[in-house]
Amino acid sequence: MEKIVLPDIENLHLIDVYEKHGGFTAVKKAFSQTTDEIIDQVKKSGLRGRGGAAFSAGLKWSFMPKTTDKPKYLCVNGDESEPGSFKDRQIFEFNPHQLIEGILITCYTIGAKTAYIYIRGEYHKWIKLMQKALDDAYAKGYVGEKMKETFGIDFFCNIYIHKGAGAYICGEESSLMNSIEGKRGYPRVKPPFPAQNGLWGNPTTINNVETITNIPKIIEKGWEWFAAIGEPKHPGTILFGVSGHVNKPGIYELPSGTLLTDIIYNYAGGVPGNKKILCVIPGGSSMPPLRGDQLEGVKMDAESLKTVGSAIGTGGIMVMDEDTDLVKVLARIAHFYHHESCGQCTPCREGTGWMEKVLQRILRSEGSISDIDLLISIANNIEGNTICALGEAAAWPVRYMVTRFRDYFEARVSKEISLPVANKVHSMRQTAIPIDDVKY
Ligand SMILES: Cc1cc2nc3c(=O)[nH]c(=O)nc-3n(C[C@H](O)[C@H](O)[C@H](O)COP(=O)(O)O)c2cc1C
Ligand code: SF4
């Protein structure tokens, strides 16, 4: 199978090697076409965003206004802070020039003269590698004003790397823009959407690193070629990041629709000690977990995962074997979302904390049977009631883990309601019942 995003070519990160393998020819081809023609090809290719929501890339580009005096922008989202997601870093390291070429084509198509690559600040190594690649591309005249001369066109654009400060919420597209503007990384209320009112109030497109890296190959080989790879409704390859209890964790670029069991057992080498799988989260920690006995026949693409009650997210596959403490896992996930909530909306700010507290209580063996429904109720009250999708990201793993593993969670709590000591003292004071009469 031909790899599109991370081909097996040694030293492809070097600009000379990239050029030798046909690099920067797709952008030349794109510059000979109209922007409508390019949007049409990307739409027909069926390319869907790889940043989590799987939205059509061509359709998103078509939302950018064609006639406007305002400057337009492209933001390339490389914040990659979701637990279980580690694919975009591989592109910065092993194929940065294809990303740069994709950015040039995208900027030309949407009419942006400035692009920002937003990278999480802690990714020092990848920021350095990406900056080196960018410097080399500038030096060769592929980026910046020299583009006019290099390509013989009346268009140029500049690309800047913007370092984040290590906040998961800054991967959300509107808080990413606030962050670039130098503001606190608070998500914005939508509408208005970024294509109308983005960076500094100007039309802006935000795409994931992997999404953009696909573009040069679609232009070079044609939309029909891309559309024929993998599942027709979510075509192309996907970078699957496999982590957890597998023998060979890592990134595997495979056609969309590859069987989940194939990825785990054939590519990632199966589970250590041939243990059974208890649970798999198929798309990064925010996606609905699947039971181990639900995995047979599950295909890894957006539409197929919907049919089994999950979602493709960022393609980060987290495998947990039969000895995993799921309460501990879920409490850890809940802690992450509580910690990363920006605090603007009450259901998310408070609800994420409540879910974490309840899970910690169950973990300490102080949980009651009613805590199970309490967790589901809190999750349901967060979902759909927040400014941004961090609300769903926090609610989904809790709601689906608890409902799909209800037997497991019930076994971890006592059937009788046992109030923590603090409440017993409190009720005694209020009712003045002698301590021996209190039923626990
Ligand atoms: C809390 C939160 C964090 C996100 N983090 C990322 C991220 O790190 N990278 C990313 O590409 N998209 C992330 N997204 C999705 C973006 O908002 C946006 O949908 C995406 O960058 C669009 O690119 P695409 O259409 O190419 O997928 C995040 C969304 C939310 C709600
Ligand atoms: S859902 Fe959470 S992270 Fe998103 S804006 Fe509201 S409080 Fe902030």
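Helices (H or I, at least four residues) and strands (E, at least two) are DSSP runs, numbered from the N terminus. The views below show a predicted model, in which local features need pLDDT of at least 70, side-chain atom pairs count only at pLDDT 80 or more, and totals for chains, interfaces and linings use all residues. Residues are numbered from 1 along each chain as its sequence is written, while chains are lettered from A and ligands numbered from 1 in the order in which they are written.

**View 1. Ligand 1 lies between domain 1 and domain 3.**
Welcome to the first close-up. Domain 1 (15-227) and domain 3 (326-411) both give residues to the shell around ligand 1, so it lies between them; the domain bounds come from an automatic or database domain assignment. Of the 23 residues around the ligand, Gly-49, Gly-51, Gly-171, Asn-208 and Thr-211 come nearest (a residue is near a molecule if its C-beta atom, placed from the backbone, lies within 6 Å of it). Strand S4 (204-208) and helix H17 each supply at least two residues of this shell, and S4 gives the most, with three. By class, the shell has nine nonpolar, nine polar and five charged residues. Here Ala, Val, Leu, Ile, Met, Phe, Trp, Tyr, Cys and Pro count as nonpolar, Asp, Glu, Lys and Arg as charged, and the others, Gly among them, as polar.

Within H16 (residues 369-382), Asp-371, Leu-375, Ile-378, Ala-379 and Ile-382 are buried. A residue is buried if 20 or more other C-beta atoms lie within 10 Å of its own, exposed if 12 or fewer, and partly exposed in between, with C-beta atoms placed from the backbone. The buried residues pack against helix H15 (346-363) and helix H17 (390-404), and contact requires C-beta atoms within 7 Å. After H16 comes Gly-384, whose phi is positive, near 80 degrees.

**View 2. Ile-103 sits in the largest nonpolar core.**
This core has 121 residues, and those with the most contacts inside it are Cys-75, Val-76, Ile-103, Ala-115, Val-280 and Val-319. H17 gives the most to the core, with nine residues. Such a core is a set of buried Ala, Val, Leu, Ile, Met, Phe, Trp, Tyr and Cys residues joined through C-beta atoms within 7 Å. Ile-103 touches Leu-74, Val-76, Ala-115, Ile-159 and Ile-212, not counting residues up to four places away in sequence.

**View 3. Two cis peptide bonds involve Pro-191.**
One cis bond joins Lys-190 and Pro-191, with omega about -5 degrees. Another joins Pro-191 and Pro-192, with omega about 5 degrees. Look for Pro-191 in the loop between helix H9 (173-180) and S4.

**View 4. Phe-24 has a positive phi.**
The phi of Phe-24 is near 65 degrees, in a residue other than glycine. Phe-24 is found in the loop between helix H1 (15-20) and helix H2 (26-31). With 20 C-beta neighbours inside 10 Å, Phe-24 counts as buried.

How values were computed:
Contact = placed C-beta atoms within 7 Å.
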